Amino acid sequence: MANVVVVGTQWGDEGKGKIVDWLSERADVIARFQGGHNAGHTLVVGGEVYKLHALPSGVVRGGKLSVIGNGVVLDPWHLLKEIEGIRAQGVEITPETLMIAENTPLILPFHGELDRAREGQSTVAKIGTTGRGIGPAYEDKVGRRAIRVADLADAATLELRVDRALVHHNALRAGLGLEPIDREAVIAQLREIADEILQYAAPVWKVLTERRRAGERILFEGAQGALLDIDFGTYPFVTSSNVIAGQAATGTGIGPGAIDFVLGIVKAYTTRVGEGPFPTELHDDDGQRLGERGHEFGTTTGRKRRCGWFDACLVRQTCATSGVSGIALTKLDVLDGFETLKICTGYELDGVRMDYLPTAADQQARCTPVYEEMPGWQESTAGARSWADLPAQAIKYIRRIEELIQCPVAMVSTSPEREDTILVTDPFSD
Ligand code: GDP
Ligand code: IMO
Ligand code: MG
């Protein structure tokens, strides 16, 4: 039986939600393994739009187990609100269909405040975070002062954990000119939601191991994209977790041998939200057109996404760091009607040709993209559901991408709708 990991290969918003939703029909369990409600995954099913942030995209299909793994940072108040909103759209969510790892660290209100206070400082370049406390929550996890789901079950433990966190946070807040945290209020807030959250708590590592042994299929749903990875992304303009495929194992508690196929989600052009380098960014009519046709506004913050040509050099690199077995190429329809398409094949750095993006920030800034051009297509690909529906020139564009990134296409997506999807190779077939 095959287990599949879905990861973003660019700067996020590649269409992971749509593809996870499509693939979830073939899976029994859908598990998030990193990130938090900084993610925004949009699903469109028969015209109904679902926007998911903390919940795995598998919840929308009935009869599947959705899992929030320990690699996630969880804002419990946000989660409860999101559950309420999704339930109002007619989706059933119960402790039988949703499970949260007991060792998942929580995002508290002071994490969001710290995130926003730091972003507001004018002395250093801001990251452009979602302001949802993701960075501070991961810092507390690694700093061994996080409050985790299991801590909600015991009043005395909870108080000890809160005290440990506050020693650090109050010192930091004093330096930032923020009021000290009201200890009793934090404890009361946590106790208020404890039982509601604990009904979903489980030893996820054990459940996944048992399910796997019973022959069930697990679909691991990544958030963000490889260029936002804390180690391999465009540091420091990244998120605070590992987002590449290896994280699926540590972020749920299943060994790496459980991963049979890594599906990299690749947008047919490039977008980025927030600050940081972006070699193929466009500031002209073509960039404007990509943004308009692709509706490139953030699902989480509503910010306008920066747009640019497809960067094959970067995707070749991220397919390597995630060990991608095959890609799902999304939003091909957004390129319909372009006279000419450009693809970045590498960079020029101080007169030298580079076949990867260097790590040093000053070198990244001096890299200029090397482009090759291809004629576009004038026919519509929107809604295409088979290879035969694609214009010859669109097929050439796909084939050229495969060559340049050294990875085969397993799926193509041609609209936001679930069924407007072309399957080339089934990631679940073993
Ligand atoms: P994610 O964060 O990777 O799940 O991606 P988002 O949901 O944030 O952004 C992708 C957007 O593109 C969403 O609004 C999707 O509904 C939409 N989308 C996904 N696939 C396609 C596609 O093939 N064509 C078009 N036009 N839109 C798509
Ligand atoms: P999905 O899962 C796009 C970006 C933010 C910012 C940086 C750090 O929908 O693809 P953070 O709040 O994580 O500390 O912000 O990361 N970012 C995303 N960009 N898609 C996402 O998720 C993102 N999650 C975080 O814009 O640049
Ligand atoms: Mg998104």
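**A chat about the model**

Modeller: Happy to! Of the 18 residues around ligand 1, the nearest are Lys16, Gly17, Gly40, Asp333 and Ser413. Please keep in mind that this is a predicted model.

Colleague: Which backbone atoms lie by an oxygen atom of ligand 1?

Modeller: Lys16 has a backbone N or O atom 2.7 Å from an oxygen atom of ligand 1. Gly40 also takes part, with a polar backbone atom 2.8 Å from an oxygen atom of this ligand.

Colleague: And what does the side chain of Arg305 do there?

Modeller: An N or O atom in the side chain of Arg305 is 3.2 Å from an oxygen atom of ligand 1. On its own, ligand 1 exposes 580 Å², and the protein buries 92% of that.

Colleague: Okay, next one. How many residues surround ligand 2?

Modeller: There are 20 residues around ligand 2, and the closest are Asp13, Lys16, His41, Thr130 and Thr239. The shell divides into 7 nonpolar, 10 polar and 3 charged residues.

Colleague: Which atoms of Thr239, Gly40 and Gly128 lie by an oxygen atom of ligand 2?

Modeller: For Thr239 the side chain is involved: one of its N or O atoms is 2.6 Å from an oxygen atom of ligand 2. For Gly40, a polar backbone atom is 2.9 Å from an oxygen atom of the ligand. For Gly128, a backbone N or O atom lies 3.4 Å from an oxygen atom of ligand 2. The protein covers 97% of the 550 Å² of accessible area that ligand 2 has on its own.

Colleague: Gly40 keeps turning up. What about the magnesium ion, which residues coordinate it?

Modeller: Asp13 (OD) and Gly40 (O) coordinate the magnesium ion (ligand 3), at 2.0 to 2.2 Å. This pair links distant parts of the chain, 27 residues apart. Asp13 sits in the loop between strand E1 (4-8) and helix H1 (16-24), while Gly40 sits in the loop between strand E2 (29-32) and strand E3 (41-45).

Colleague: Is Gly40 buried or exposed?

Modeller: Gly40 counts as buried, because its relative accessibility is 12% and the cut-off for buried is under 20%.

Colleague: Which peptide bond is cis?

Modeller: The one from Tyr235 to Pro236 is cis, with omega near 5 degrees. Pro236 lies in the loop between E8 and H8.

Colleague: Now let's zoom out. How many helices and strands are there?

Modeller: The chain has 12 helices and 18 strands. Its radius of gyration is 22 Å, close to the 22 Å that the globule rule gives for 430 residues, so the chain is as compact as a globular protein of that length. Buried residues make up 56% of the 430 residues. The C-alpha atoms fill a box of roughly 65 × 55 × 40 Å along the principal axes.

Colleague: One last thing. How many residues apart in sequence are Val59 and Ile93?

Modeller: They are 34 residues apart in sequence, and 7.2 Å apart in space, C-alpha to C-alpha. Val59 is in the loop between strand E4 (48-52) and strand E5 (65-68), and counts as buried at 7% relative accessibility.

Colleague: Great, thanks for the tour!

Key: Residues are numbered from 1 along each chain as its sequence is written. Chains are lettered from A and ligands numbered from 1 in the order in which they are written. This is a predicted model: local features need pLDDT of at least 70, side-chain atom pairs count only at pLDDT 80 or more; totals for chains, interfaces and linings use all residues. Side-chain values use heavy atoms; hydrogens and water are left out. A residue is near a molecule or strand if one of its heavy atoms lies within 4 Å of it. A polar contact is a pair of N or O atoms within 3.5 Å; within protein, one must be able to donate a hydrogen and the other to accept it, and residues adjacent in sequence count only if both atoms are side-chain atoms. Accessible areas come from the Shrake-Rupley method with a 1.4 Å probe; for residues, only the protein chains shown count as cover. Ala, Val, Leu, Ile, Met, Phe, Trp, Tyr, Cys and Pro count as nonpolar, Asp, Glu, Lys and Arg as charged, and the others, Gly among them, as polar. Donors are N, O and S atoms within 2.8 Å of the metal (3.2 Å for Na, K and Ca); water is not among the atoms, so sites may look incomplete. Helices (H or I, at least four residues) and strands (E, at least two) are DSSP runs, numbered from the N terminus. Buried means under 20% relative accessible area, exposed over 50%, partly exposed in between (1.4 Å probe, protein chains only). The radius of gyration is taken over C-alpha atoms; the globule rule is 2.2 Å times the number of residues to the power 0.38.
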